[in-house]
Amino acid sequence: VEYGPCVVASDCWSLLLEFLQSFLGSHTPGAPAVFGNRHDVVYGPADTMVQYMELFNKIRKQQQVPVAGIR
């Protein structure tokens, strides 16, 4: 089987999910939020940027530590 690139990300989610299940088992994540509101739209750089911003904001919220003794 040969797979080619796909510009509509939601079309290849089932393939990505199958791949993730092969090494993560039952701990596979749900579909990203970007798939929920745009079903048949071409995936572009702006979508990647939004995903990175969501990820960075999530990481930043998890790592908020008081900086009171650091010089």
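Biologist: Is I59 buried, partly exposed or exposed?

Modeller: Keep in mind that this is a predicted model. I59 has a relative accessible area of 33%. Buried means under 20% and exposed means over 50%, so with its 33% I59 counts as partly exposed.

Biologist: Which helix does I59 lie in?

Modeller: The chain has three helices and zero strands, and along the sequence they follow the pattern α-α-α. Residues 45-62 form the helix that holds I59, and that helix is α3.

Biologist: How far apart are the end C-alpha atoms of helix α1?

Modeller: Helix α1 covers residues 13-24, which is twelve residues. At 1.5 Å a residue, α1 should span 16 Å. The model agrees, because the end C-alpha atoms of α1 are apart by 16 Å.

Biologist: Which residue with a positive phi follows α1?

Modeller: Helix α1 takes in residues 13-24. The phi of the residue that follows α1 is positive, near 65°, and that residue is G25.

Biologist: What share of the accessible surface of the protein chain belongs to carbon and sulfur atoms?

Modeller: Of the 71 residues in the chain, buried ones make up 13%. The accessible surface of the chain comes to about 6,300 Å². The share of that surface belonging to carbon and sulfur atoms is 61%.

Key: Residues are numbered from 1 along each chain as its sequence is written. This is a predicted model: local features need pLDDT of at least 70, side-chain atom pairs count only at pLDDT 80 or more; totals for chains, interfaces and linings use all residues. Side-chain values use heavy atoms; hydrogens and water are left out. Helices (H or I, at least four residues) and strands (E, at least two) are DSSP runs, numbered from the N terminus. The expected span of a helix is 1.5 Å times one less than its number of residues. Buried means under 20% relative accessible area, exposed over 50%, partly exposed in between (1.4 Å probe, protein chains only). Accessible areas come from the Shrake-Rupley method with a 1.4 Å probe; for residues, only the protein chains shown count as cover.
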